[in-house]
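Take a slow look at the sequence and the fold before reading on. The paragraphs below lead from one place to the next.

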Amino acid sequence: MSASATTSRRPVFYPNPSPSAGEPFLRGHCSDLGDGPVTVTPCDTGGDPVQLTAADVCPRSEAEPEEGVADAASLAFLNEPSLLDNIARRYAHDRIYTYVGPVLLAVNPYKTLAELYSREAMDAYRGRAIGVLPPHVFALADRARRMILSDRRSQSIVVSGESGAGKTESCRAIVDYLAHHSREEAEDLCTAMLSASPLLEAFGCASTLRNKNSSRFGKLMRIWTAAGGASFSHSSIETYLLEKGRVSNHAPGERTFHGGDAAPHNEASPAAEFASVVSALGALGASRGEVQSAAQILGAVLLLGNLHFADDEQDKAKAEGRARDGLARELYERLFGWLVRRINTSLAAPSAAPAAGSTAASASGSVPARASAEEGGSCYVGGSCYIAILDIFGFESLGVNSLEQLLINHTNESLQHFFLDRTMRAELAMYADEGVPANDHTLVARFFGSHREHASIRLPDVILASGRRMPARKSAPPDGTRFVVAHYAGEVEYEASGFLSKNLDALHPELPLLLQTARGSLRVRGLAGGFSKQLESLMATLGATTPHYAAGCLDLPLVLEQLRCAGTPQLLQLMGRGYPTRCEFEALASRYRPLLPGFSPTLSSRDFVAALLAALRLEPATAAKPVADFALGVRRVFFSAGAMATLDELMHGSQADVAAILDRVRAYVARRRWVRATAAVSASLWLQRRIVARRRLAALALRSRALALSLPAARRWAGGARRRLLEHASASTLAAAERGRVERARLRAARTAAAVA
Ligand SMILES: Nc1ncnc2c1ncn2[C@@H]1O[C@H](COP(=O)(O)OP(=O)(O)OP(=O)(O)O)[C@@H](O)[C@H]1O
């Protein structure tokens, strides 16, 4: 990189000494960013300069647009403070969505943004590639829709984030979007899908300190294509880890599931809510008897809650209380499992479900037995492709963390590995598509290696699989029931007491018998074991798809923490080893052309960018040297970390600097034109020589060919000539002999005459 890349007053972010009072990072300027201590002059507060180490400060660009950029990958510096600053800028303009590389980040707006989710918006995003319109969950849904229809390959949209971050809202928007664009071909399916949500909400959501409508279970909805693959035909739902303990216990200020809660959780009265649940069950095809049975079980759960034991014998009362709670939990879990199966039956053949309100009479009146698979298992296997929408609980670190948190965090750990694995593969594929050399094969190989190792470990080795187990913190009590696991998102301290009983989740010995006589068998299984199987099947389901990611963030001040939990900085770190900043030629050209007034506009965007970068003496990547300042791809330019900021800095320098750059670009273009022109002349001369040479060669070949063609005739002529020569020679010889004979005869006659005379 050119020496001029560094300036004497570098804009930086530095950590806020009192982050609780405001933003985690502040803006400042420092003289240089060497290895030693740096002096930062704050620009927001105007306070005294502060002494920091180079590791504390992060470079900052002053040229980012006020309203932020849609894709954080095009930020000049891809560090945490810049990422956060960009999200905050966008949030201030009600732009709650931002792309961070392959991830769509959503920050909870805590207000209704009706236009954002209007029918017009749904229509606008149809068929538009990612990046054409502002970031949106519709863009993600549409990409999945287009890809499943074109590639005939299953897709998944993984929505993660902590409680209250907006996962359910995002999933609802995705389902609404898909339903909106499938309504013509699959009206019944759309109606069935949309009527399933309020039921799951009623039985699986509860009011918590963070969220008045918190989903207390994980959910995977699959929308399947018809056999031909051209439209959607049915859907299915799988649920994970219902927090059934909430039936008997919940934190102060929280409540039990809406379904078992007498208090209203929205504007409607409890009676109206109950009526709407009954109506929704009818819409899904539940018989009158089934609805009645479900209501009875719910009533039984509520009654169990009112059951108190005299505390004359303390231990006995406690044991009875545990048995009561266990029974209530089991009944509720069964009820929820039945509900999910009922929803699945309706989603499997949506047209078979009767219209809302027409609850059919049924003689059975019983809640069907548990599904053959695990709780909430889907009925469908194989066949056509699907779009899977996963609404999964985010990473948790509470005041006291127990088995549930360990399982949740283990799930997140697995999803995180899956996410990084797929993302890195997609990165490498994009480098290959663009013809850009990937520059850190070893890192990628190491990453994939560790992933394979991770994938081979299963529950109940969950503690080891979830990260490194570490000694408990000093604060741990002397009984040693606490341990710490170093997860990817941070260390979490777990309370081990109660793990075993929670894992066994055993009922009082008499209760299984009682329930058995009531309705079918009751299976007691280990919670972790059952969950392990579900997780395995979830990972297999996702593994068979092309994934798309959405991460929800709860609140702006907490975004950084949540980004870390979503693994985004890890992704940025991995991307940072290559060329983390990418910019389309067109975007870069339109950004910098106006800064070079008078510059020839006839140059294509790609040539303009190439000219600019070369004029600024940034180093291009080559096959021999893949690590450089930038690499030119087919559609975009890839920058190494900070290289685009250097470019930006140079382009936004003083007028004299820009004029100098313009001169250099002009000189570069002139030089290139000269080089090209001379190359063209040499090429045409070479071509001319070649043409002449070819012509000569052709003439020669023609003659040779003619010669070759006339050879037999020549041979025949030569044979004749020889024959003629021979004949001629023979005739001459004969004539000479004759002449000799005549002469000799004449001589003899003369001699004879002379002798006579
Ligand atoms: N895109 C959004 N537009 C408007 N409001 C939103 C949006 N996302 C979230 N909210 C608000 O935040 C609340 C919590 O969102 P949501 O229930 O989707 O969170 P969640 O991540 O699913 O939480 P949990 O894991 O507890 O179920 C919503 O009830 C809604 O008021």
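In which strand does L52 lie? L52 sits in strand β4, residues 50-53. Helices (H or I, at least four residues) and strands (E, at least two) are DSSP runs, numbered from the N terminus. This is a predicted model, in which local features need pLDDT of at least 70, side-chain atom pairs count only at pLDDT 80 or more, and totals for chains, interfaces and linings use all residues. Residues are numbered from 1 along each chain as its sequence is written, and side-chain values use heavy atoms, with hydrogens and water left out.

Stay with L52 for a moment. Its relative accessibility is 18%, so L52 counts as buried. Buried means under 20% relative accessible area, exposed means over 50%, and partly exposed lies in between (1.4 Å probe, protein chains only). Now find Y14. L52 and Y14 are 38 residues apart in sequence, and their C-alpha atoms are 8.5 Å apart in space.

Two other pairs can be read in this way. E64 is found in the loop between β5 (58-59) and α1 (80-92). With a relative accessible area of 13%, E64 is buried. E64 and D85 are 21 residues apart along the chain, and 9.9 Å separates their C-alpha atoms. Then go to A645, in helix α19 (residues 643-651). A645 has 3% relative accessibility, so it counts as buried. A645 and L75 are 570 residues apart along the chain, yet their C-alpha atoms are separated by 8.2 Å.

Next, the backbone. Most residues other than glycine have a negative phi. Y110 is not a glycine, but its phi is positive, about 55°. Y110 lies in the loop between β7 (103-107) and α2 (119-125). R152 is not a glycine either, and it has a positive phi of about 55°. Look for R152 in the loop between α3 (137-151) and β8 (155-160). R152 has a relative accessible area of 42%, so it is partly exposed.

Now turn to a pair of helices. Two packed helices are described by the angle between their axes and the distance between the axes. Take helix α5 (residues 187-204) and helix α6 (residues 270-283): their axes come within 9 Å and cross at roughly 130°. Axes are lines fitted to C-alpha atoms, for helices over the stretch in contact, and angles run from 0 to 180 degrees between N-to-C directions. How do α5 and α6 stand to each other? They are oblique. Angles under 35 degrees count as roughly parallel, over 145 as roughly antiparallel, 65 to 115 as roughly perpendicular, and the rest as oblique. The crossing of α5 and α6 is left-handed. That word applies if the near helix is turned anticlockwise from the far one by less than a right angle; clockwise makes a crossing right-handed.

Charged side chains come next. How many salt bridges does a search of the whole structure find? It finds 22. A salt bridge is a side-chain nitrogen of Lys or Arg within 4 Å of a carboxyl oxygen of Asp or Glu. One of them joins E201 and R172, at 3.6 Å from N to O. This pair links distant parts of the chain: E201 is in helix α5 and R172 in helix α4 (residues 167-182), 29 residues apart. R172 counts as partly exposed, because its relative accessibility is 32%.

E290 and R342 form a salt bridge too, at 3.0 Å from N to O. E290 lies in helix α7 (residues 288-305) and R342 in helix α8 (residues 314-348), so the pair ties together parts that are 52 residues apart in sequence. Is E290 buried or exposed? E290 counts as buried, at 10% relative accessibility. R342 is buried as well, with a relative accessible area of 15%.

D325 and R324 also meet in a salt bridge, 3.0 Å from N to O. D325 is buried at 17% relative accessible area, and R324 is buried at 18%. Elsewhere, salt bridges link R216, E243, R246 and E254 in a network.

Finish at helix α20 (residues 655-756), where I691 lies. I691 has 38% relative accessibility, so it counts as partly exposed.
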